[in-house]
Amino acid sequence: MASKEEIIAKAKDAITDFDDELAAEVAEEALAAGIDPVELIEKGFTAGMQEVGEQFEQGTLFLPHVLAAAEAMNAGMEVIKPEMEKRKSQTKSLGTIVIGTIEGDIHSIGKDIVASMLNIAGFKVVDLGRDVPIKTFVEKAKEVKPQIIASSALMTTTMVNQIQIEEQLKEAGIRGQVKTMVGGAPVTQDWADKIGADLYGESATDVVSKVKAALL
């Protein structure tokens, strides 16, 4: 029988090889071996997605590769989902987070990973998708009253829209009731400070730890 390390390495390979059948098989193998699904996702699937994302940034992989890797990850996640749901029903939700990729930006890989990790960590995640109009963030904030509104921007041309979230939340009179978080490749702590966002997330694990620290 394969060791935990071998199974997790295989999970990562399934993503970087764009192999959805292998991803589903590895997920089943991991559950049968009693491996913590969170560890499998973080060290296997997510690590694979991050590698694919880096190669995409460098121009050695292209959008179809990223989509194929995401499909492989989804195949693995489908297998794990029932176990995750079971665990979640045994723990109370830690809070609600609205997340989306900012208007004008169609990249969603990083945001999808962050949303998955927050979900796994026990937060209720309302994922608005990509290319989300600013007013949608504000309307959803009024509707679900989240603790945090998180926006992702993958281009310098779209990150300026994150200022608008701050402005429109103020205009709606609800900025004081919610924390804002920004992230994405060109986004920095300096940028978060400059626009008045409460939190900056550098990576999926960084987001989870900062959200926990801010809310718990």
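In the predicted model, Lys145 is placed in the loop that runs between α6 and β3. The phi angle of Lys145 is near 50°, a positive value in a residue other than glycine. Most residues other than glycine have a negative phi. With a relative accessible area of 60%, Lys145 is exposed, because the cut-off for that class is over 50%. A positive phi is also found at Phe18, where the value is near 55° and the residue is again not a glycine. Phe18 sits in the loop between α1 (4-16) and α2, and its relative accessible area of 28% makes Phe18 partly exposed.

The helices on either side of the Phe18 loop, α1 and α2, pack against each other, their axes coming within 9 Å and crossing at roughly 160°. The two helices are therefore roughly antiparallel to each other, since angles over 145 degrees are assigned to that class. The crossing in which α1 passes α2 is left-handed. On the α1 side the contact is formed by Ile7, Lys10, Ala11 and Ala14, which meet Leu22, Ala23, Val26, Glu29 and Ala30 of α2. By class, this contact of α1 with α2 comprises seven nonpolar and two charged residues, with no polar ones.

Glu29, one of the α2 residues in that contact, belongs to the helix spanning residues 20-32. Its relative accessible area of 26% means that Glu29 is partly exposed. When residues up to four places away in sequence are not counted, Glu29 touches Ala2, Ile7 and Lys10. The C-alpha atoms of Glu29 and Ile7 are separated by 7.6 Å, although the two residues lie 22 residues apart along the chain. Another glutamate, Glu39, is located in helix α3, which covers residues 37-58. Glu39 has a relative accessibility of 18% and so counts as buried, the limit for that class being under 20%. Leaving aside residues up to four places away in sequence, the residues touched by Glu39 are Lys4, Ile8 and Gly44.

The contact draws on Ile134, Lys135, Phe137, Val138 and Ala141 from α6, and on Asn161, Gln164, Ile165, Gln168 and Leu169 from α8. Sorted by class, the residues in the contact of α6 with α8 are six nonpolar, three polar and one charged.

Helix α10, which extends over residues 204-215, consists of 12 residues and reaches 17 Å from its first C-alpha to its last, close to the 16 Å expected at 1.5 Å a residue. The residues of α10 that are buried are Ala204, Asp206, Val207, Val208 and Val211. These buried residues pack against both strands and helices, namely β1 (96-101), α5 (109-120), β3 (148-152), β4 (179-183) and β5 (199-201).

Conventions
Residues are numbered from 1 along each chain as its sequence is written. This is a predicted model: local features need pLDDT of at least 70, side-chain atom pairs count only at pLDDT 80 or more; totals for chains, interfaces and linings use all residues. Side-chain values use heavy atoms; hydrogens and water are left out. Helices (H or I, at least four residues) and strands (E, at least two) are DSSP runs, numbered from the N terminus. The expected span of a helix is 1.5 Å times one less than its number of residues. Buried means under 20% relative accessible area, exposed over 50%, partly exposed in between (1.4 Å probe, protein chains only). Contact means heavy atoms within 4.5 Å. Ala, Val, Leu, Ile, Met, Phe, Trp, Tyr, Cys and Pro count as nonpolar, Asp, Glu, Lys and Arg as charged, and the others, Gly among them, as polar. Axes are lines fitted to C-alpha atoms, for helices over the stretch in contact, and angles run from 0 to 180 degrees between N-to-C directions. Angles under 35 degrees count as roughly parallel, over 145 as roughly antiparallel, 65 to 115 as roughly perpendicular and the rest as oblique. A crossing is left-handed if the near helix is turned anticlockwise from the far one by less than a right angle, and right-handed if clockwise.
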